[in-house]
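Me: Please take me through the structure shown here, with the criteria behind each term.

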Amino acid sequence: MAKRVAVIDIGSNSARMVIYEKTSRFAFHILHEAKSRVRISQNAYQNGGNLQEVPMQRAYDALEDFLCIIASFKARKTLCVATSALRDAPNKGEFLQRVKSGLGLAIKVIDGEREAYLGAIACANLLPQQQNALSIDIGGGSTEFSLIHNKDILSKISLNLGTVRLKELFFDFNNIDGAKKLVDAELEKLDGLDAARLIGIGGTFRAISYAIQTNSNHPLEKLHAYTPNYKEFELFLEKILDADEDGLKKLGIKHSRFDVIKPGALILLRVLKRFKIKELITSGVGVREGAFLADLLRSSKDKFPANYNPSVRYLLDAHIDDLSHANLLAKVTKELFDLTCETLKIEKKYRYELGLAAKLCMSGSTIHFY
């Protein structure tokens, strides 16, 4: 695999690009991220799913900009995937050919199950290990679900539900009851799935989690692995559905999401009512991270090796000159812990974190407070 890899994800709402750099076999970090709100599916669902000229040109221009950035970072490999908006479009071939001939970029249009799988392997590998968790990725044209148990992906389902789809077919005509009926009918395809935890992927879930964080003065400005309170989250969804534009602003929803946040909130609320969810987890990773990991981990069944922590390994690669000294320090620290934990009444579950802290402590000489 190339040392620097770029991944482009073309969704119904946004096109996103990220450039990764490998520091060792399985360790990596992000060099650069970019996002463009191209809304390639704009007015498509009202026109038989056909992509319209202006949104296609917006997407083309964004991809051209992304490729210039990728070239400046000298990335040797570019992976480009497209999801619901393109796979549903009867005229997708026109756009794919325009991009291929004009920019030299090959776009891989993935089906719904593959989209669900890529999001799920990102969560399974880059979030704390979960048992019996259901991931949900609400996009503009479709919503993907995967059942995750530890690092195994047990089920992958894609439904024709999305924020832009519901907006253009129902919300633009104030037909909320029609939207509810469609959502509930599609969710019947999830019969047989059961999960205690819901992992939220994608812009809708992150936007709502961010607003809740902001309103509650949460001490960390990080959404990845953030666990909003279930009741607070459910009540917030109901407030979104009842709010006008001023209300959405007061709730902390960004203006760019005003037109699609209500369809997304409706989907989430119907999902929460259908499943006996006890815990919510916000994921900062999704399809593009999954596409990168599927390439990086293709020789290890899309999983990191047992007991391997890519974040720790990256810090070791980037900030520790003498790895043997770091390993020795961790070994001695854990031996001291074993000798003293009972006397000092320290729970044994802290042994792992202490070992990591000892292994990484010398990185403080080069990692500054920024």
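Reply: Helix 1 (residues 53–72) packs against helix 3 (residues 92–103) at an angle of about 35 degrees, and their axes lie 11 Å apart. This is a predicted model, in which local features need pLDDT of at least 70, side-chain atom pairs count only at pLDDT 80 or more, and totals for chains, interfaces and linings use all residues. Residues are numbered from 1 along each chain as its sequence is written, and side-chain values use heavy atoms, with hydrogens and water left out.

Me: Why is the crossing of helix 1 and helix 3 called right-handed?

Reply: A crossing is right-handed if the near helix is turned clockwise from the far one by less than a right angle, and left-handed if anticlockwise. The crossing of helix 1 and helix 3 is right-handed, so the clockwise case applies.

Me: Which residues of helix 1 and helix 3 make the contact?

Reply: With contact meaning heavy atoms within 4.5 Å, helix 1 contributes Glu53, Met56, Gln57, Ala59, Tyr60, Leu63, Glu64 and Leu67, and helix 3 contributes Glu94, Phe95, Arg98, Val99, Gly102 and Leu103. These residues divide into eight nonpolar, two polar and four charged.

Me: What makes Gly count as polar?

Reply: Ala, Val, Leu, Ile, Met, Phe, Trp, Tyr, Cys and Pro count as nonpolar, and Asp, Glu, Lys and Arg as charged; the others, Gly among them, therefore count as polar.

Me: How many cavities of 30 Å³ or more does the structure hold?

Reply: The structure holds one; a cavity is a set of points, on a 1 Å grid over the protein atoms alone, where a 1.4 Å probe fits but cannot get out. The largest cavity has a volume of about 360 Å³, a volume being the space filled by probe spheres set on the points. Among its 25 lining residues (those with an atom within 4 Å of a point), the closest to its centre are Asp9, Asp137, Ile138, Gly139 and Gly202.

How values were computed:
Axes are lines fitted to C-alpha atoms, for helices over the stretch in contact, and angles run from 0 to 180 degrees between N-to-C directions. Helices (H or I, at least four residues) and strands (E, at least two) are DSSP runs, numbered from the N terminus. On a 1 Å grid over the protein atoms alone, a cavity is a set of points where a 1.4 Å probe fits but cannot get out, and a pocket is an open set with protein on both sides within 12 Å along at least five of seven lines; lining residues have an atom within 4 Å of a point.
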